[in-house]
Amino acid sequence: MNHNHLLSFRAEPIPVVRIGIVGLGVRGSKALDRLVEIPGVRIVALADLDESVVRKASELLPYREVSCYTGERAATSCVTDSCVDLLYITTTWESHAEIATEGMMHGKHVAIEVPAAISMAQIWQLVETAEQTRRHCFMLENSVYDRFELSMLHMVQCGIFGEIVHAKGGYVHNLHSQWLQHREDWRLAHNIARRGDLYPTHGVAPLCLAMNIHRGDRLSRLVAMEAVPKHTPRVLGDHYGEDFSSFANGDHTQTIIQTEKGCTLYIEHDVASYRPYSRSLQIVGTDGFAQKYPYPVLSLKPEYCNGISYNSVVHPDLPDYLPHEQTEQLLQKYSHPILTPDILDGIKHLEGHAPMSGIMDRRLIYCLQKGLPLDMDVYDMAEWCSIIPLSEESLRLGSVPIEIPDFTRGAWDILEKVDWHIS
């Protein structure tokens, strides 16, 4: 049993959270815009390789007392800045774990863009460092905080779906337009070089929380299969006049996961096809079903519908989906308690994917200010990110089952369920 675990870990409250942002590209700059609006936040350090980017970002702050770090040692300088309480890391995938590890070793909590780690060595390094230093290691997985996912989680917590036995999620997002504009795109480089599910966390994160992973159950083993890469190499070859026949990532990767208690998850990765954007979210419980894409769907036992009639009934014991209006009513009824008036007021001006990122940031800061356990911990990060190297290993060995490590080292059933704290 791991007696040094960080399950339900509480750090000392930080009334004013002093943040250093490392990486000011698209995600970092958007994070800066959101964070500066949160009460009790002070941006005290900015770090990026590009001096002009840092200078421009600093000029947007409503105050001038900020340390600016540029060049090759920018991240190191920010990591060692004694004024920083929280490192907000939005750099390249390869550098996430190294910067976060150094940050925790210097006494800082860390928040890391997805994926936080891309190899088993990096994952274990983050887990062990967080346990050793007693610092929070939080992955910035914003899909958990989308409104549908939050209502679904609350319904699960209220027992509306019964016991969850199966779930489906993933990342379906055609990236060709991005890759055809930028030959040196960092996402393209990873897909050229690696097989497996390279971006699993958006899809798997809400499912693992709904299934109480490492809170009464754990991910036990996985097997991955792929459709050979045909479409992307052809598109890239035609556009760039190069030979992309060695392109590694399949047109579609599917990973099936079994939990210790016999439940299953199906996770897909597709950045090549013409399918519409989707995180393909579904949960299947003994008392109900939920699906987010292509539009929200609920199908529940009649007693959970509070008198709402189904649109049609295909069998007396097998109700069809609830009508759209009634589905929306139930999702609103089960709006998650973390969506307090302060949070909702703070994100009302945000559009697109920004609202869920805004909720994520505000919850992170709230928990740090109050000294509460974070909604997602270092073991969430480890389990979700492990799908990257383990799916790759399964494919390399001919789609054989691969054991998923118990990152809690025996503590996975100490807690009974997900418990997000309001106070």
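This is a predicted model: local features need pLDDT of at least 70, side-chain atom pairs count only at pLDDT 80 or more; totals for chains, interfaces and linings use all residues.
Trainee: Why is Cys78 called buried?

Mentor: Buried means under 20% relative accessible area. Cys78 has 0% relative accessibility, so Cys78 counts as buried.

Trainee: What makes Cys68 partly exposed?

Mentor: The class in between runs from the buried limit of 20% to the exposed limit of 50%. Cys68 has 39% relative accessibility, and therefore Cys68 counts as partly exposed.

Trainee: How do you know that the buried residues of α2 line one face of the helix?

Mentor: In helix α2, residues 51–59, the buried residues are Val54, Ala57 and Ser58. Viewed down the axis of α2, these buried residues fall within an arc of 100°, so they line one face.

Trainee: What covers the buried residues of α2?

Mentor: The cover includes helix α1 (26–35) and the strands β2 (41–48) and β3 (67–70).

Trainee: What makes the space lined by Arg34, Glu37 and Ile38, among others, a cavity?

Mentor: In a cavity, a 1.4 Å probe fits but cannot get out. The search of the whole structure finds one cavity of 30 Å³ or more. The largest cavity holds about 40 Å³ of space, and that value lies above the 30 Å³ limit of the search. Its lining also includes Gly346, His349, Leu350, Gly358, Asp361 and Arg362. Helix α13 (residues 354–370) gives the most to this lining, with three residues.

Trainee: How is the lining of the largest cavity divided by class?

Mentor: The lining has two nonpolar, three polar and four charged residues. Gly counts as polar under the classes used.

Trainee: Which residues are closest to the centre of the second largest pocket?

Mentor: That pocket has a volume of about 370 Å³. Of its 19 lining residues, Glu163, Ile164, Ala210, Met211 and Asn212 are the closest to the centre. By class, the lining comprises nine nonpolar, four polar and six charged residues.

Trainee: Which element supplies the largest share of that pocket's lining?

Mentor: Helix α6 does, with three residues. The elements α6 (147–157), β7 (164–172) and α9 (201–210) each supply at least two residues.

Technical notes:
Residues are numbered from 1 along each chain as its sequence is written. Side-chain values use heavy atoms; hydrogens and water are left out. On a 1 Å grid over the protein atoms alone, a cavity is a set of points where a 1.4 Å probe fits but cannot get out, and a pocket is an open set with protein on both sides within 12 Å along at least five of seven lines; lining residues have an atom within 4 Å of a point. Grid points are joined across faces, edges and corners, and a volume is the space filled by probe spheres set on the points. Helices (H or I, at least four residues) and strands (E, at least two) are DSSP runs, numbered from the N terminus. Buried means under 20% relative accessible area, exposed over 50%, partly exposed in between (1.4 Å probe, protein chains only). The arc is that of the directions from the helix axis to the C-beta atoms. Contact means heavy atoms within 4.5 Å.
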